[in-house]
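Morning, everyone. Please have a look at the structure first, then I'll talk you through it.

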Amino acid sequence: MKRLLIIGAGTAGTMIANRLRRALDVEEWNITIVDPVETHYYQPGFLFIPFGMYSKNDVVKPTRDFIPVGADFVKAAADLIEPDQNRVKLADGRTLGYDVLVIGTGAYIHPEETPGLREQEWGRSIHEFYTLEGAIALARHLRTWQGGRLVVNVVENPIKCPVAPLEFIMLADWFFHEKGLRDRVELVYATPLSGAFTKPIASKHLGYILEQKNIEVVPDFVVEHVDPDAKKLVHYDESEVEYDLLVTIPLHKGDELVARSGLGDELNYVPVDRHTLLSKTRDNIFVFGDAAALPTSKAGSVIHYAVDGFVENFLRYVDGLDLLPSFDGHANCFIESGFGKGLLLDFNYEVEPLPGRYPLPGVGPFALLQESEMNHWGKVMFRWMYWNILLKGKELPLPARMSMMGKWAR
Amino acid sequence: MATKVIAGKEVQINDEGFMTDPAEWNKEIAAAIAVEEGISALTDAHWKVIDFCRTTTAGLGGKSPTLRQITAGTGVSTKELFSLFPKGPAKKVAKIAGLGKPEGCV
């Protein structure tokens with residue numbers, strides 16, 4: 001019996017367990033999935049919690065509901081991967097051997113890496129929405145907040161769902177309008193990049209949107225520390241941005257397990273081949289999702305398209321055939337822009353987001369790089385699709401590789 | 001795609017003056033772009049950072065490294081990077097090293 005061991009029962013690990021359990025012979029392959037947590041989080045939903053659009057119940061379900069029949073779930077933390085011995089030590093002392101290992105351990109926020117962030121004002125005038133607890137605390141804060149200067153700051157890239165900070169601030173614009181407070185709220189987006197939109201074509205199509213919503217952008221802002229008492233962000237060049245309420249997107253890092261096991265880069269992400277997701281140093285370790293050092297977004301849709309091509313590739317792999325360079329970095333994401341509208345992006349490693357229609361060329365129903373109500377409904381529907389289709393490894397009738405059909409070159 | 005003559009060599013550039021083909025880059029071009037960016041002379045400290053960016057870009061699919069990758073890889077602190085390449089070192093180094101601008105997904 002061969003052993004496929006998956007560390008992490010998040011989006012990547014769960015999807016792979018479901019897809020491979022169906023594809024692999026149960027008499028030949030044992031599939032085991034290890035995770036210390038028995039709750040599965042729908043992370044894209046965290047964005048809606050601060051504005052009271054979703055509650056906790058909308059974004060959590062028991063992990064075991066999504067573990068396929070014929071796969072074993074081990075509730076334990078992995079303490080160390082020993083690639084030379086092909087085994088994983090668990091925190092409870094047990095050891096699990098493997099023939100093939102899949103790492104899907106994700107990425108986590110580290111506010112403590114920025115001085116001043118996680119100190120006396122944490123949870124008071126400084127909030128985040130990348131954890132469920134953080135999003136709920138922010139919802140509580142916004143319910144009674146009377147206005148002022150709200151600054152959204154990305155500490156450093158890469159972050160999970162790179163558009164979420166923009167969505168947050170656009171939803172905040174709508175939220176304060178609805179509350180009749182918008183004239184008492186200043187909205188500021190401070191980013192280490194050269195602007196809110198950095199890709200040329202997206203900038204051209206969407207550049208107006210923040211100005212129209214009266215959202216100030218502070219580009220090239222690299223925060224060195226936060227002064228929580230004076231309520232200001234201080235740049236390495238000593239320029240400052242003041243706030244009354246700071247919503248931070250802290251530095252992200254991969255799991256410490258990756259670092260302990262000597263498999264990670266400086267941010268604990270595992271270097272992999274970007275087309276096959278195979279580790280660059282080990283030929284029996286694959287890495288999916290946020291845990292991988294890939295030049296594309298850290299997002300569930302990337303996992304979805306990466307896993308689509310992986311199943312066939314894995315069957316080639318077990319038969320000793322060469323892996324195909326099947327993953328092209330394809331991702332698409334709905335971006336909430338407030339007032340019941342949304343945007344949609346579709347891109348890969350080589351092709352930046354372009355305008356057009358998706359998934360049916362010329363028809364849609366979704367509009368790329370353009371605000372529409374249909375895009376908002378796409379995002380709302382997506383939660384159902386996530387729980388009922390994607391996570392369970394059922395296939396969507398969408399091609400895994402990006403298509404230029406339906407896109408306009410400019 | 002526009003072209004521009006930098007240090008006597010014609011190279012392809014984008015709208016913001018970033019070179020689009022890293023293979024066209026050479027050290028004279030780097031020095032010339034640095035002058036345009038307000039850095040009159042490139043010292044060994046500058047070159048340490050530029051060389052690091054040139055060598056790591058291959059593993060990043062042609063992308064320029066982030067500030068954290070630069071500080072971890074060179075041992076140069078972020079504060080020093082800001083004094084070497086004032087007002088946005090990640091962007092400035094990328095430009096001088098003939099690499100693409102650090103970008104988000106949109």
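First, the ground rules. This is a predicted model, where local features need pLDDT of at least 70, side-chain atom pairs count only at pLDDT 80 or more, and totals for chains, interfaces and linings use all residues. Residues are numbered from 1 along each chain as its sequence is written, chains are lettered from A and ligands numbered from 1 in written order, and side-chain values use heavy atoms, leaving out hydrogens and water.

Start with helix H5 of chain B, residues 89–96. Helices here are DSSP runs of H or I, at least four residues, and strands are runs of E, at least two, numbered from the N terminus. Seven of the eight residues of H5(B) are buried, so the rest of the structure largely encloses this helix. Buried means under 20% relative accessible area (1.4 Å probe, protein chains only). Lys92(B) and Lys95(B) are among the buried ones. What covers them? The cover of the buried residues includes helices H1, H2, H3 and H4 of chain B.

Now the rings. Rings of Phe, Tyr and Trp (its six-membered ring) pair if their centres lie within 6.5 Å; planes under 30 degrees apart are stacked, over 60 edge-to-face, the rest tilted. That gives 23 aromatic pairs over all chains. Take Phe286(A) and Phe310(A): edge-to-face, 5.0 Å centre to centre, 65 degrees between the planes. This pair links distant parts of the chain, strand S21 and helix H7 of chain A, 24 residues apart. Both Phe286(A) and Phe310(A) are buried.

Next, Phe314(A) and Tyr317(A): centres 5.8 Å apart, planes at 25 degrees, so stacked. Both lie in H7 of chain A, about one turn apart.

Key. Buried < 20%, exposed > 50% of the residue type's maximum accessible area, 1.4 Å probe, protein only. Contact = heavy atoms within 4.5 Å.
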